[in-house]
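Hi there,

Here is the structure I promised to pass on to you. Please open it alongside this message, and then read on for what turned up.

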Amino acid sequence: MSGTTTQSTPSAPVRSWWGWGWESAHPDDAECTAMGALLPGTLARPLPVPRIADLGIGTPAVQAPASLTRLISTDPADRAAHAMGKAYRDIARALRGRPGRIPDLVAFPTRESEVTDLLDWAGRHGVAVVPFGGGSSVVGGVEYRGDRHRAVLSLDLTRMDRVLEVDSAGRAARIQAGALGPGLENQLRPHGLTLRHFPQSFEFSTLGGWLATRAGGHYATGRTHIDDFVQSMRVVTPAGTSESWRLPASGAGPSPDRLFLGSEGTLGVITEAWVRLQARPVHKASASLTFTDFGHALEAVRALAQSDLAPANCRLLDSGEAALAGAAQNGSAVLVLGFESADAPVDSRLARAVDLARSHGGRYEPSGAGAPADQAVRAWRSAFLRMPYLRDGLARMGAVAETFETAATWDCIPALVEDVRSTVGEAALRISGHPATVNCRLTHVYPDGAAPYFTVLAAGRPGDEVAFWDELKAVAGEVLHRHRATITHHHAVGRDHRPGYDRQRPEPFALALSAAKGALDPHGILNPGVLVD
(Lines give C-alpha, C1' and ligand atoms only; values in the text may rest on other atoms or scores of the structure.)
Protein backbone atom coordinates (compact mmCIF):
# COMPACT_ATOMS: atom_id res chain seq x y z
CA MET A 1 0.00 0.00 0.00
CA SER A 2 1.48 3.34 -0.99
CA GLY A 3 0.66 6.85 0.06
CA THR A 4 2.09 10.13 1.25
CA THR A 5 2.84 11.22 4.77
CA THR A 6 2.04 14.76 5.78
CA GLN A 7 4.43 16.23 8.32
CA SER A 8 2.87 18.75 10.65
CA THR A 9 4.57 22.09 11.01
CA PRO A 10 5.40 23.00 14.61
CA SER A 11 3.08 25.74 15.76
CA ALA A 12 4.59 29.09 16.71
CA PRO A 13 5.05 29.62 20.44
CA VAL A 14 2.30 31.56 22.17
CA ARG A 15 2.92 34.37 24.66
CA SER A 16 1.27 33.92 28.03
CA TRP A 17 -1.30 36.66 28.64
CA TRP A 18 -1.10 36.33 32.43
CA GLY A 19 2.48 35.19 33.14
CA TRP A 20 6.01 35.49 31.93
CA GLY A 21 7.18 34.47 28.49
CA TRP A 22 5.88 31.51 26.53
CA GLU A 23 2.88 29.46 27.60
CA SER A 24 4.70 26.19 26.87
CA ALA A 25 7.62 27.05 29.16
CA HIS A 26 5.56 27.35 32.35
CA PRO A 27 5.91 24.65 35.03
CA ASP A 28 3.15 22.06 34.99
CA ASP A 29 0.98 21.28 38.02
CA ALA A 30 3.33 18.58 39.32
CA GLU A 31 6.35 20.89 39.21
CA CYS A 32 4.39 23.66 40.89
CA THR A 33 3.35 21.30 43.69
CA ALA A 34 6.94 20.12 44.17
CA MET A 35 8.18 23.70 44.45
CA GLY A 36 5.40 24.62 46.87
CA ALA A 37 6.38 21.74 49.13
CA LEU A 38 9.70 23.51 49.76
CA LEU A 39 7.91 26.52 51.27
CA PRO A 40 5.88 25.69 54.40
CA GLY A 41 2.47 27.32 54.41
CA THR A 42 1.80 27.29 50.66
CA LEU A 43 -1.32 25.82 49.06
CA ALA A 44 -1.86 22.08 48.80
CA ARG A 45 -2.45 22.30 45.04
CA PRO A 46 -1.74 24.97 42.45
CA LEU A 47 -4.24 27.60 41.49
CA PRO A 48 -5.65 26.94 38.01
CA VAL A 49 -4.16 28.75 35.05
CA PRO A 50 -6.47 31.74 34.55
CA ARG A 51 -8.72 31.96 31.49
CA ILE A 52 -9.58 35.10 29.59
CA ALA A 53 -13.16 33.89 29.28
CA ASP A 54 -13.54 34.11 33.08
CA LEU A 55 -12.61 37.81 33.24
CA GLY A 56 -15.97 39.03 31.98
CA ILE A 57 -14.44 41.63 29.69
CA GLY A 58 -17.16 44.06 28.69
CA THR A 59 -17.84 46.27 25.70
CA PRO A 60 -15.29 49.08 25.16
CA ALA A 61 -16.37 52.40 26.63
CA VAL A 62 -15.44 54.21 23.43
CA GLN A 63 -15.25 53.53 19.71
CA ALA A 64 -12.41 54.65 17.50
CA PRO A 65 -13.28 56.59 14.35
CA ALA A 66 -13.39 54.77 11.03
CA SER A 67 -10.07 56.29 10.02
CA LEU A 68 -8.32 54.44 12.88
CA THR A 69 -10.25 51.17 13.11
CA ARG A 70 -7.70 49.31 10.96
CA LEU A 71 -5.14 49.95 13.72
CA ILE A 72 -7.42 49.00 16.62
CA SER A 73 -8.27 45.69 18.27
CA THR A 74 -11.12 45.17 20.70
CA ASP A 75 -10.55 41.43 20.91
CA PRO A 76 -10.74 40.24 24.56
CA ALA A 77 -7.48 38.31 24.17
CA ASP A 78 -5.58 41.42 23.04
CA ARG A 79 -7.19 43.55 25.74
CA ALA A 80 -6.39 41.06 28.51
CA ALA A 81 -2.78 40.65 27.33
CA HIS A 82 -2.32 44.45 27.50
CA ALA A 83 -3.94 44.99 30.90
CA MET A 84 -0.84 44.45 33.07
CA GLY A 85 2.89 43.91 33.08
CA LYS A 86 4.76 40.91 34.50
CA ALA A 87 5.43 41.77 38.13
CA TYR A 88 4.57 39.27 40.87
CA ARG A 89 1.58 41.40 41.85
CA ASP A 90 0.34 41.22 38.24
CA ILE A 91 0.65 37.44 38.17
CA ALA A 92 -1.08 37.09 41.54
CA ARG A 93 -3.94 39.36 40.46
CA ALA A 94 -4.46 37.41 37.24
CA LEU A 95 -4.50 34.10 39.13
CA ARG A 96 -7.23 35.46 41.40
CA GLY A 97 -9.21 36.89 38.45
CA ARG A 98 -8.53 40.51 39.46
CA PRO A 99 -6.36 41.99 36.70
CA GLY A 100 -7.58 45.56 37.22
CA ARG A 101 -8.70 47.99 34.52
CA ILE A 102 -8.80 46.25 31.14
CA PRO A 103 -7.93 48.62 28.27
CA ASP A 104 -10.88 49.42 26.02
CA LEU A 105 -8.78 49.44 22.88
CA VAL A 106 -5.39 48.15 21.79
CA ALA A 107 -3.69 50.01 18.94
CA PHE A 108 -1.03 48.54 16.65
CA PRO A 109 0.33 51.41 14.53
CA THR A 110 2.71 50.60 11.68
CA ARG A 111 4.17 54.08 11.09
CA GLU A 112 4.84 57.26 13.01
CA SER A 113 2.03 59.26 11.40
CA GLU A 114 -0.44 56.74 12.80
CA VAL A 115 0.95 57.29 16.30
CA THR A 116 0.33 61.01 15.82
CA ASP A 117 -3.23 60.37 14.65
CA LEU A 118 -3.95 58.15 17.65
CA LEU A 119 -2.63 60.73 20.13
CA ASP A 120 -4.62 63.52 18.46
CA TRP A 121 -7.84 61.52 18.67
CA ALA A 122 -7.20 60.43 22.26
CA GLY A 123 -6.46 63.98 23.36
CA ARG A 124 -9.70 65.29 21.87
CA HIS A 125 -11.80 62.59 23.51
CA GLY A 126 -10.15 62.24 26.93
CA VAL A 127 -8.82 58.74 26.31
CA ALA A 128 -5.79 57.69 28.36
CA VAL A 129 -2.91 56.29 26.28
CA VAL A 130 -0.59 53.75 27.89
CA PRO A 131 2.52 52.90 25.81
CA PHE A 132 3.02 49.16 26.18
CA GLY A 133 6.48 48.33 24.82
CA GLY A 134 6.84 44.57 25.11
CA GLY A 135 4.69 44.46 28.25
CA SER A 136 7.51 43.21 30.48
CA SER A 137 7.20 45.98 33.10
CA VAL A 138 7.55 44.73 36.69
CA VAL A 139 6.59 48.02 38.37
CA GLY A 140 3.07 48.73 37.14
CA GLY A 141 4.33 50.80 34.23
CA VAL A 142 1.95 49.57 31.52
CA GLU A 143 -1.44 49.52 33.24
CA TYR A 144 -4.05 52.17 34.00
CA ARG A 145 -5.12 52.78 37.59
CA GLY A 146 -7.88 55.19 38.45
CA ASP A 147 -11.06 56.49 36.86
CA ARG A 148 -10.28 59.99 35.61
CA HIS A 149 -10.41 59.01 31.94
CA ARG A 150 -13.47 57.75 30.08
CA ALA A 151 -11.51 55.04 28.29
CA VAL A 152 -8.04 53.54 28.02
CA LEU A 153 -6.03 52.78 24.88
CA SER A 154 -2.97 50.53 25.10
CA LEU A 155 -0.42 51.57 22.46
CA ASP A 156 1.60 48.63 21.10
CA LEU A 157 4.41 49.59 18.69
CA THR A 158 5.70 46.07 17.98
CA ARG A 159 4.65 46.35 14.31
CA MET A 160 7.15 49.20 14.02
CA ASP A 161 10.11 46.84 14.38
CA ARG A 162 12.57 47.50 11.57
CA VAL A 163 16.21 48.50 11.48
CA LEU A 164 15.81 51.41 9.06
CA GLU A 165 19.42 52.37 8.45
CA VAL A 166 22.90 51.14 9.38
CA ASP A 167 26.00 53.34 9.42
CA SER A 168 28.73 50.70 9.39
CA ALA A 169 31.57 53.26 9.40
CA GLY A 170 30.13 55.03 12.44
CA ARG A 171 28.88 51.78 13.99
CA ALA A 172 25.34 53.04 14.55
CA ALA A 173 21.84 52.22 13.38
CA ARG A 174 18.44 53.92 13.15
CA ILE A 175 15.88 51.52 14.59
CA GLN A 176 12.13 51.69 15.14
CA ALA A 177 11.10 51.64 18.78
CA GLY A 178 8.87 48.57 18.53
CA ALA A 179 11.72 46.19 17.69
CA LEU A 180 11.92 43.33 20.18
CA GLY A 181 15.39 42.26 21.27
CA PRO A 182 15.76 39.11 19.12
CA GLY A 183 14.40 40.77 15.98
CA LEU A 184 16.67 43.77 16.46
CA GLU A 185 19.77 41.59 16.81
CA ASN A 186 18.78 39.38 13.87
CA GLN A 187 18.65 42.44 11.62
CA LEU A 188 22.06 43.66 12.83
CA ARG A 189 23.79 40.29 12.56
CA PRO A 190 24.44 40.42 8.77
CA HIS A 191 26.39 43.64 9.37
CA GLY A 192 28.60 41.96 12.00
CA LEU A 193 27.30 44.39 14.60
CA THR A 194 25.35 44.21 17.85
CA LEU A 195 23.65 46.65 20.21
CA ARG A 196 24.97 44.45 23.04
CA HIS A 197 22.04 45.27 25.31
CA PHE A 198 20.66 42.12 26.86
CA PRO A 199 18.33 42.63 29.84
CA GLN A 200 16.73 39.54 31.33
CA SER A 201 13.57 40.56 29.46
CA PHE A 202 15.50 40.74 26.14
CA GLU A 203 13.22 38.27 24.38
CA PHE A 204 10.04 40.12 25.37
CA SER A 205 10.98 43.82 25.49
CA THR A 206 11.49 46.52 22.89
CA LEU A 207 14.03 49.20 22.10
CA GLY A 208 11.44 51.86 22.90
CA GLY A 209 10.72 50.20 26.23
CA TRP A 210 14.42 50.11 27.07
CA LEU A 211 14.76 53.82 26.29
CA ALA A 212 11.59 54.83 28.13
CA THR A 213 12.68 52.99 31.29
CA ARG A 214 16.46 53.60 31.16
CA ALA A 215 16.89 49.84 31.15
CA GLY A 216 20.03 48.10 32.36
CA GLY A 217 21.52 45.28 30.34
CA HIS A 218 23.05 42.00 31.37
CA TYR A 219 26.65 43.25 31.46
CA ALA A 220 27.97 44.03 34.90
CA THR A 221 30.54 46.74 34.10
CA GLY A 222 31.20 49.32 31.42
CA ARG A 223 28.43 50.31 29.03
CA THR A 224 25.34 48.45 30.18
CA HIS A 225 22.55 51.03 30.57
CA ILE A 226 20.68 51.92 27.41
CA ASP A 227 21.58 55.58 28.07
CA ASP A 228 25.14 54.77 27.01
CA PHE A 229 24.06 53.71 23.52
CA VAL A 230 21.79 56.58 22.48
CA GLN A 231 22.86 59.00 19.73
CA SER A 232 19.49 60.60 19.04
CA MET A 233 15.76 59.95 19.41
CA ARG A 234 12.44 60.77 17.77
CA VAL A 235 9.53 61.23 20.15
CA VAL A 236 5.91 62.00 19.24
CA THR A 237 4.19 64.17 21.85
CA PRO A 238 0.73 65.75 21.81
CA ALA A 239 2.56 69.09 21.42
CA GLY A 240 4.62 67.99 18.41
CA THR A 241 7.46 65.68 17.38
CA SER A 242 10.90 66.00 18.97
CA GLU A 243 13.98 64.84 17.06
CA SER A 244 17.45 65.41 18.48
CA TRP A 245 20.53 65.71 16.30
CA ARG A 246 22.67 62.65 15.78
CA LEU A 247 25.99 63.54 17.42
CA PRO A 248 28.87 61.68 19.09
CA ALA A 249 28.77 64.21 21.92
CA SER A 250 27.50 67.70 22.64
CA GLY A 251 27.80 70.31 25.36
CA ALA A 252 24.94 72.40 24.02
CA GLY A 253 22.83 72.86 27.10
CA PRO A 254 20.71 70.16 28.76
CA SER A 255 20.36 67.12 26.51
CA PRO A 256 16.92 66.75 24.88
CA ASP A 257 17.39 62.98 24.90
CA ARG A 258 17.83 63.05 28.67
CA LEU A 259 14.37 64.52 29.01
CA PHE A 260 12.77 61.50 27.36
CA LEU A 261 15.11 58.74 28.57
CA GLY A 262 13.34 57.25 31.58
CA SER A 263 10.17 59.26 30.97
CA GLU A 264 8.12 56.02 30.83
CA GLY A 265 5.65 57.22 28.23
CA THR A 266 4.45 60.20 30.27
CA LEU A 267 5.93 62.92 28.03
CA GLY A 268 5.72 61.31 24.61
CA VAL A 269 5.94 58.13 22.57
CA ILE A 270 9.42 57.15 21.40
CA THR A 271 9.13 56.02 17.78
CA GLU A 272 12.75 55.51 16.71
CA ALA A 273 16.35 56.11 17.76
CA TRP A 274 19.88 56.13 16.45
CA VAL A 275 21.89 53.83 18.72
CA ARG A 276 25.60 53.05 18.99
CA LEU A 277 26.65 49.54 17.98
CA GLN A 278 29.65 47.32 18.57
CA ALA A 279 31.43 44.56 16.71
CA ARG A 280 30.10 41.15 17.67
CA PRO A 281 32.33 39.41 20.25
CA VAL A 282 34.20 36.29 19.15
CA HIS A 283 36.48 35.68 22.15
CA LYS A 284 34.84 34.63 25.42
CA ALA A 285 35.97 33.08 28.70
CA SER A 286 34.32 32.56 32.08
CA ALA A 287 34.99 31.10 35.51
CA SER A 288 33.56 31.04 39.01
CA LEU A 289 35.03 31.34 42.49
CA THR A 290 33.56 30.48 45.88
CA PHE A 291 33.82 32.46 49.11
CA THR A 292 33.09 31.31 52.64
CA ASP A 293 32.74 34.94 53.78
CA PHE A 294 30.34 37.27 51.95
CA GLY A 295 32.15 40.34 53.26
CA HIS A 296 35.39 39.20 51.66
CA ALA A 297 33.49 38.51 48.45
CA LEU A 298 32.22 42.11 48.45
CA GLU A 299 35.80 43.33 48.81
CA ALA A 300 36.85 41.18 45.87
CA VAL A 301 34.09 42.57 43.67
CA ARG A 302 34.94 46.15 44.63
CA ALA A 303 38.58 45.52 43.71
CA LEU A 304 37.49 44.12 40.34
CA ALA A 305 35.20 47.08 39.67
CA GLN A 306 38.02 49.50 40.46
CA SER A 307 40.54 47.68 38.26
CA ASP A 308 40.91 48.20 34.51
CA LEU A 309 39.80 44.65 33.70
CA ALA A 310 36.15 45.50 32.91
CA PRO A 311 34.58 42.03 33.10
CA ALA A 312 31.40 41.61 31.07
CA ASN A 313 29.96 39.53 33.89
CA CYS A 314 30.77 40.02 37.54
CA ARG A 315 27.81 38.54 39.42
CA LEU A 316 28.17 37.87 43.11
CA LEU A 317 25.59 35.44 44.56
CA ASP A 318 25.21 35.09 48.30
CA SER A 319 24.94 31.56 49.68
CA GLY A 320 21.14 31.48 49.41
CA GLU A 321 21.11 32.80 45.86
CA ALA A 322 23.90 30.40 44.88
CA ALA A 323 21.92 27.46 46.23
CA LEU A 324 18.74 28.66 44.48
CA ALA A 325 20.62 28.87 41.17
CA GLY A 326 22.31 25.52 41.65
CA ALA A 327 25.74 27.17 41.57
CA ALA A 328 26.77 25.97 45.07
CA GLN A 329 25.07 23.89 47.77
CA ASN A 330 27.69 24.10 50.53
CA GLY A 331 26.84 27.50 51.98
CA SER A 332 29.39 29.36 49.88
CA ALA A 333 28.89 32.61 48.02
CA VAL A 334 29.74 32.37 44.34
CA LEU A 335 31.35 34.95 42.07
CA VAL A 336 30.63 34.40 38.36
CA LEU A 337 33.13 36.11 36.04
CA GLY A 338 32.97 36.48 32.28
CA PHE A 339 35.00 38.31 29.65
CA GLU A 340 34.45 38.87 25.95
CA SER A 341 36.07 40.74 23.08
CA ALA A 342 35.62 41.23 19.35
CA ASP A 343 39.32 41.48 18.52
CA ALA A 344 41.58 39.76 21.05
CA PRO A 345 41.61 36.69 23.34
CA VAL A 346 40.46 37.40 26.89
CA ASP A 347 42.06 34.49 28.76
CA SER A 348 44.78 36.69 30.28
CA ARG A 349 42.22 39.19 31.57
CA LEU A 350 40.22 36.36 33.14
CA ALA A 351 43.37 34.99 34.76
CA ARG A 352 44.20 38.41 36.24
CA ALA A 353 40.65 38.75 37.56
CA VAL A 354 40.78 35.30 39.14
CA ASP A 355 44.10 36.14 40.84
CA LEU A 356 42.64 39.40 42.16
CA ALA A 357 39.57 37.62 43.56
CA ARG A 358 41.76 34.90 45.11
CA SER A 359 43.75 37.56 46.93
CA HIS A 360 40.52 38.43 48.77
CA GLY A 361 39.76 34.87 49.82
CA GLY A 362 38.13 33.46 46.71
CA ARG A 363 38.62 29.79 45.99
CA TYR A 364 39.17 28.86 42.37
CA GLU A 365 39.39 25.36 40.99
CA PRO A 366 40.14 25.24 37.25
CA SER A 367 37.62 23.28 35.27
CA GLY A 368 40.38 21.21 33.77
CA ALA A 369 40.92 19.62 37.16
CA GLY A 370 37.35 18.36 37.22
CA ALA A 371 36.19 21.04 39.63
CA PRO A 372 32.72 22.62 39.36
CA ALA A 373 33.78 26.05 38.02
CA ASP A 374 32.15 25.68 34.61
CA GLN A 375 29.19 23.88 36.14
CA ALA A 376 28.52 26.87 38.39
CA VAL A 377 28.60 29.25 35.45
CA ARG A 378 26.25 27.07 33.43
CA ALA A 379 23.90 26.65 36.40
CA TRP A 380 23.72 30.39 36.92
CA ARG A 381 23.00 31.08 33.24
CA SER A 382 20.25 28.47 33.19
CA ALA A 383 18.67 29.78 36.39
CA PHE A 384 18.88 33.37 35.12
CA LEU A 385 16.63 32.54 32.16
CA ARG A 386 14.38 30.06 33.95
CA MET A 387 13.70 32.00 37.14
CA PRO A 388 10.72 34.13 35.97
CA TYR A 389 8.86 30.95 34.94
CA LEU A 390 9.56 29.34 38.32
CA ARG A 391 8.34 32.50 40.05
CA ASP A 392 5.00 32.14 38.25
CA GLY A 393 4.84 28.50 39.29
CA LEU A 394 5.36 29.46 42.93
CA ALA A 395 2.68 32.15 42.57
CA ARG A 396 0.24 29.42 41.56
CA MET A 397 1.03 27.81 44.95
CA GLY A 398 0.07 31.02 46.77
CA ALA A 399 3.69 31.90 47.48
CA VAL A 400 5.30 35.30 47.26
CA ALA A 401 8.28 34.96 44.92
CA GLU A 402 9.54 38.32 43.77
CA THR A 403 12.60 40.50 43.37
CA PHE A 404 13.58 44.12 43.82
CA GLU A 405 16.82 45.93 43.19
CA THR A 406 18.68 49.08 44.13
CA ALA A 407 22.09 50.74 43.97
CA ALA A 408 24.27 52.43 46.56
CA THR A 409 27.85 53.49 47.14
CA TRP A 410 30.35 50.94 48.42
CA ASP A 411 30.44 52.43 51.93
CA CYS A 412 26.71 51.66 52.27
CA ILE A 413 26.55 48.22 50.66
CA PRO A 414 27.40 45.85 53.58
CA ALA A 415 24.98 47.48 56.04
CA LEU A 416 22.30 47.87 53.37
CA VAL A 417 22.38 44.19 52.41
CA GLU A 418 22.22 43.06 56.03
CA ASP A 419 19.40 45.48 56.87
CA VAL A 420 17.28 44.33 53.92
CA ARG A 421 17.80 40.66 54.77
CA SER A 422 16.85 41.04 58.42
CA THR A 423 14.14 43.69 58.20
CA VAL A 424 12.25 42.21 55.23
CA GLY A 425 12.59 38.71 56.67
CA GLU A 426 11.24 39.82 60.06
CA ALA A 427 8.36 41.68 58.39
CA ALA A 428 7.35 38.60 56.39
CA LEU A 429 7.30 36.47 59.53
CA ARG A 430 5.27 39.08 61.40
CA ILE A 431 2.73 39.57 58.60
CA SER A 432 2.19 35.97 57.50
CA GLY A 433 3.40 33.86 60.40
CA HIS A 434 5.76 31.99 58.07
CA PRO A 435 9.52 32.50 57.70
CA ALA A 436 10.81 34.06 54.49
CA THR A 437 14.00 33.60 52.52
CA VAL A 438 15.70 36.82 51.47
CA ASN A 439 18.65 36.31 49.13
CA CYS A 440 20.96 38.83 47.51
CA ARG A 441 23.16 39.06 44.45
CA LEU A 442 25.11 41.91 42.90
CA THR A 443 24.07 42.36 39.27
CA HIS A 444 26.06 45.46 38.28
CA VAL A 445 29.23 46.88 39.79
CA TYR A 446 30.86 50.28 39.45
CA PRO A 447 34.08 51.82 40.80
CA ASP A 448 31.99 53.78 43.31
CA GLY A 449 29.22 51.31 44.16
CA ALA A 450 27.09 48.34 43.22
CA ALA A 451 23.54 47.21 42.48
CA PRO A 452 22.24 44.63 44.99
CA TYR A 453 19.31 42.57 43.69
CA PHE A 454 17.12 40.82 46.28
CA THR A 455 14.93 37.74 45.95
CA VAL A 456 12.11 37.20 48.47
CA LEU A 457 10.48 33.77 48.88
CA ALA A 458 7.67 33.28 51.38
CA ALA A 459 4.32 31.61 51.82
CA GLY A 460 1.64 34.19 51.09
CA ARG A 461 -1.70 34.84 52.71
CA PRO A 462 -4.22 32.78 50.70
CA GLY A 463 -6.37 35.11 48.63
CA ASP A 464 -4.46 38.13 49.89
CA GLU A 465 -1.08 37.62 48.26
CA VAL A 466 -0.98 41.03 46.58
CA ALA A 467 -1.54 42.95 49.81
CA PHE A 468 1.11 40.82 51.52
CA TRP A 469 3.67 41.66 48.84
CA ASP A 470 2.73 45.34 48.89
CA GLU A 471 3.41 45.43 52.63
CA LEU A 472 6.80 43.78 52.15
CA LYS A 473 7.63 46.15 49.30
CA ALA A 474 6.80 49.13 51.51
CA VAL A 475 9.09 47.79 54.24
CA ALA A 476 11.87 47.31 51.71
CA GLY A 477 11.36 50.83 50.40
CA GLU A 478 11.83 52.24 53.90
CA VAL A 479 15.10 50.34 54.29
CA LEU A 480 16.39 51.63 50.96
CA HIS A 481 15.45 55.21 51.87
CA ARG A 482 17.15 54.87 55.24
CA HIS A 483 20.44 53.98 53.52
CA ARG A 484 19.99 56.55 50.70
CA ALA A 485 19.88 53.74 48.17
CA THR A 486 17.92 54.31 44.97
CA ILE A 487 14.36 53.01 44.74
CA THR A 488 15.31 51.30 41.47
CA HIS A 489 18.52 50.60 39.57
CA HIS A 490 17.00 49.30 36.33
CA HIS A 491 13.35 48.29 36.84
CA ALA A 492 12.01 51.85 36.32
CA VAL A 493 9.47 53.69 38.48
CA GLY A 494 6.04 52.85 37.09
CA ARG A 495 3.25 53.13 39.62
CA ASP A 496 4.69 50.75 42.19
CA HIS A 497 7.82 52.83 42.87
CA ARG A 498 6.14 56.23 42.87
CA PRO A 499 6.30 56.71 46.67
CA GLY A 500 10.04 56.02 46.74
CA TYR A 501 10.70 58.08 43.62
CA ASP A 502 8.83 61.06 45.03
CA ARG A 503 11.08 60.95 48.10
CA GLN A 504 14.28 60.48 46.12
CA ARG A 505 14.00 63.28 43.55
CA PRO A 506 14.73 66.93 44.48
CA GLU A 507 11.67 69.13 44.73
CA PRO A 508 12.85 71.69 42.13
CA PHE A 509 13.27 68.85 39.65
CA ALA A 510 9.76 67.62 40.45
CA LEU A 511 8.44 71.09 39.63
CA ALA A 512 10.34 71.11 36.33
CA LEU A 513 9.09 67.64 35.42
CA SER A 514 5.49 68.64 36.15
CA ALA A 515 5.92 71.72 33.97
CA ALA A 516 7.30 69.58 31.14
CA LYS A 517 4.34 67.23 31.51
CA GLY A 518 1.89 70.12 31.27
CA ALA A 519 3.61 71.57 28.21
CA LEU A 520 4.03 68.33 26.23
CA ASP A 521 0.82 66.55 27.32
CA PRO A 522 -1.71 69.32 28.00
CA HIS A 523 -4.70 66.94 28.13
CA GLY A 524 -2.94 64.60 30.60
CA ILE A 525 -3.56 61.47 28.54
CA LEU A 526 -0.09 59.86 28.47
CA ASN A 527 0.42 57.06 31.02
CA PRO A 528 -1.39 58.86 33.85
CA GLY A 529 0.03 58.32 37.32
CA VAL A 530 3.57 57.46 36.27
CA LEU A 531 6.38 59.79 37.48
CA VAL A 532 4.06 62.79 37.99
CA ASP A 533 0.37 63.43 38.66
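Below are my notes, starting with a sheet, then moving to the rings, the cores and a hairpin.

Please keep in mind that this is a predicted model.

Strand 1 is joined to strand 2 (residues 105-107) by two bridges in the antiparallel sense, and if you look at I72 you will find it opposite A107 of strand 2.

**Aromatic rings**

Searching the whole structure gives seven aromatic pairs. One of them is W20 with F204: the ring centres are 5.7 Å apart and the planes stand at 85°, so this pair counts as edge-to-face. It connects distant parts of the chain, since W20 belongs to the segment before helix 1 (29-36) while F204 sits in the loop between strand 7 (193-194) and helix 6 (207-213), 184 residues apart. W20 and F204 are both buried.

Another pair, F404 with F454, is stacked, with 5.2 Å from centre to centre and 25° between the planes. F404 is part of strand 15 (residues 399-405) and F454 is part of strand 18 (residues 449-459), so the pair ties together parts that are 50 residues apart in sequence. F404 and F454 are buried as well.

Ring pairs also link F198, F202, W210 and Y219 into a cluster.

**Arginines over rings**

Two arginines deserve a look while you have the rings on screen. R159 lies over the face of F108, 4.4 Å from the ring centre. R246 has its charged end over the ring of W274, at 3.9 Å from the centre of that ring.

**Nonpolar cores**

Which residues touch the most other members of the largest nonpolar core? They are L153 and L195, in a core of 124 residues. Leaving aside residues up to four places away in sequence, L195 touches L184, E185, L188, L207, W210, I226, F229, V275, R276, L277 and Q278. Another core lies apart from that one and has twelve residues, including A325, A328, V334 and A376.

**Strand 17 and its partners**

The last stop is strand 17 (residues 437-446). Eight of its ten residues are buried, so strand 17 is largely enclosed by the rest of the structure. Strand 13 (residues 313-317) runs antiparallel to strand 17 and is joined to it by two bridges; here L317 stands opposite R441. Strand 17 also pairs with strand 18, again in the antiparallel sense, over nine bridges. In that pairing H444 faces A451 of strand 18. How many residues separate strand 17 from strand 18 in their hairpin? There are two residues between them. Strand 18 is also the strand that holds F454, the partner of F404 in the stacked pair.

Happy browsing, and do write back with any questions.

Best wishes

How values were computed: Residues are numbered from 1 along each chain as its sequence is written. This is a predicted model: local features need pLDDT of at least 70, side-chain atom pairs count only at pLDDT 80 or more; totals for chains, interfaces and linings use all residues. Side-chain values use heavy atoms; hydrogens and water are left out. Two strands pair if DSSP finds at least two bridges between them. Helices (H or I, at least four residues) and strands (E, at least two) are DSSP runs, numbered from the N terminus. Rings of Phe, Tyr and Trp (its six-membered ring) pair if their centres lie within 6.5 Å; planes under 30 degrees apart count as stacked, over 60 as edge-to-face and the rest as tilted. Buried means under 20% relative accessible area, exposed over 50%, partly exposed in between (1.4 Å probe, protein chains only). A charge sits over a ring if NZ of Lys or CZ of Arg is within 6 Å of the ring centre and within 35 degrees of the ring normal. A nonpolar core is a set of buried Ala, Val, Leu, Ile, Met, Phe, Trp, Tyr and Cys residues joined through side-chain atoms within 4.5 Å. Contact means heavy atoms within 4.5 Å.
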